[in-house]
Amino acid sequence: MRFQIILLLSILLTASCTAQNAIIYEEEDKAILTEIFDKLEKQSDKTTAELVVLAGEFLMGTPYVAHTLESEPEQLVVNLRGLDCTTYAENCLAIARCVKSGKTSFKNFTAELRKIRYRNGIINGYPSRLHYFSDWIFENEKQGFIKQVSEAAGHTKYPLELDFMSTHPGSYKQLEGNKEFVQMLSAKEKEINKREMFFIPEDEVAKYEAQLKSGDIVGICTSIKGLDISHVGILVKQNNRIHLMHASSSGEKVVISDSTLEDFLKAGKSSIGIMVARPI
């Protein structure tokens, strides 16, 4: 009996380690990453935020592709061939951190990406991914990867009332019919809602624009019930005004907005402001 228990624990541990270390990617992803590293590896003297912008510029024109992370079981997905707004920002931050540290290998990149995308850098099923961007900001600041600057700029509290994922399980492949995952995410939503978070309201963005910097990663706050953020992008300065570099679903690729950030927000029907994360 004791031997059977030990064997079972060994099997479970092996399965956990396999899931933790498994990576989904194509050789083209490695080739793209190598090309970016070759271009940026001699620029480690730049700030992480500056490197985020340079990585983002390299990926300009990359097609917008949604739902690239949806593997079962949950595994680390590397996809530089098609990006959505969140994976675009995550990949740029991971690339920047590798260049800044001087560790520009595929292994180092995937380690950084895992730490950025998953709570405590540990893959433990679908709920371990940082689905809500306010949670993404909180966890990445805790790890020392970014610094929240919304409070210093706007001093406006953001009322977190997250419950969209747990109340709309049919909208998520991994949640539909999986009561355990829904319960886990509901508990996490309640935990997040207790936090004190800040944002810059849409009508105050112009007022605080001088405090925003190229390389800041922003989440666009939304009025959609149960959600915090509807879109993610990277700020860039053009002609002394702030614009948004992002994977655009309407533009179907990574672009820099023609309009300023202020006007971009005003054009969004549900946009109410921004949360700002500054790479360290």
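Residues are numbered from 1 along each chain as its sequence is written. In this predicted model, local features need pLDDT of at least 70 and side-chain atom pairs count only at pLDDT 80 or more, while totals for chains, interfaces and linings use all residues; side-chain values use heavy atoms, with hydrogens and water left out.

Me: Which residues that line the largest pocket are the closest to its centre?
Reply: Lining residues have an atom within 4 Å of a point. The lining holds 45 residues, and the closest to the centre are Y64, D84, C85, T86 and S230.

Me: Which elements give two or more residues to the lining of the largest pocket?
Reply: Helices (H or I, at least four residues) and strands (E, at least two) are DSSP runs numbered from the N terminus. Those that give two or more residues to this lining are helix 4 (85-101), helix 6, strand 7 (229-238), strand 8 (241-248) and helix 11 (261-267).

Me: How many nonpolar, polar and charged residues does the lining of the largest pocket have?
Reply: Ala, Val, Leu, Ile, Met, Phe, Trp, Tyr, Cys and Pro count as nonpolar, Asp, Glu, Lys and Arg as charged, and the others, Gly among them, as polar. The lining of the largest pocket therefore divides, under these classes, into 20 nonpolar, 18 polar and 7 charged residues.

Me: Which helix gives the most to the lining of the largest cavity?
Reply: A cavity is a set of grid points where a 1.4 Å probe fits but cannot get out. The structure holds 1 cavity of 30 Å³ or more, and its lining comprises R119, R129, L130, H131, Y132, D135, L185, K188 and I192. With 3 residues, the leading contributor is helix 9 (residues 179-193).

Me: Which residues of helix 6 are buried?
Reply: Buried means under 20% relative accessible area, exposed over 50%, and partly exposed in between (1.4 Å probe, protein chains only). Helix 6 (residues 133-142) is mostly covered, with 7 of its 10 residues buried. These are F133, S134, D135, W136, I137, E139 and N140.

Me: Is D29 buried or exposed?
Reply: D29 lies in helix 2 (residues 27-40). Contact means heavy atoms within 4.5 Å, and, not counting residues up to four places away in sequence, D29 touches V78, N79, L80 and R81. Because its relative accessibility is 0%, D29 counts as buried.

Me: Which residues touch the most other members of the largest nonpolar core?
Reply: A nonpolar core is a set of buried Ala, Val, Leu, Ile, Met, Phe, Trp, Tyr and Cys residues joined through side-chain atoms within 4.5 Å. The largest has 62 residues, and helix 4 gives the most to it, with 10 residues. A second, separate core of 15 residues includes V205, L212, I242 and L244. In the largest core, the residues touching the most other members are Y88, I95, F109, I217 and M275.

Me: How many disulfides does the count come to?
Reply: A disulfide is a pair of cysteine sulfur atoms within 2.5 Å. The count by this rule is 0 disulfides. For C92 the nearest cysteine sulfur, that of C85, is 12 Å away, and for C221 the nearest, again that of C85, is 13 Å away.

Me: Where does a cis peptide bond occur?
Reply: Most residues other than glycine have a negative phi, and most peptide bonds are trans. P73 lies in the loop between helix 3 (48-58) and strand 2 (76-77). With omega of about 0°, the cis bond joins E72 and P73.

Me: Is N240 buried or exposed?
Reply: N240 lies in the loop between strand 7 and strand 8. Its phi is near 65°, a positive value in a residue other than glycine. Because its relative accessibility is 67%, N240 counts as exposed.

Me: Where is the place of E252?
Reply: Phi of E252 is near 65°, a positive value in a residue other than glycine. At 58% relative accessibility, E252 counts as exposed. Its place is in the loop between strand 8 and strand 9 (253-256).

Methods. On a 1 Å grid over the protein atoms alone, a cavity is a set of points where a 1.4 Å probe fits but cannot get out, and a pocket is an open set with protein on both sides within 12 Å along at least five of seven lines; lining residues have an atom within 4 Å of a point. Grid points are joined across faces, edges and corners, and a volume is the space filled by probe spheres set on the points.
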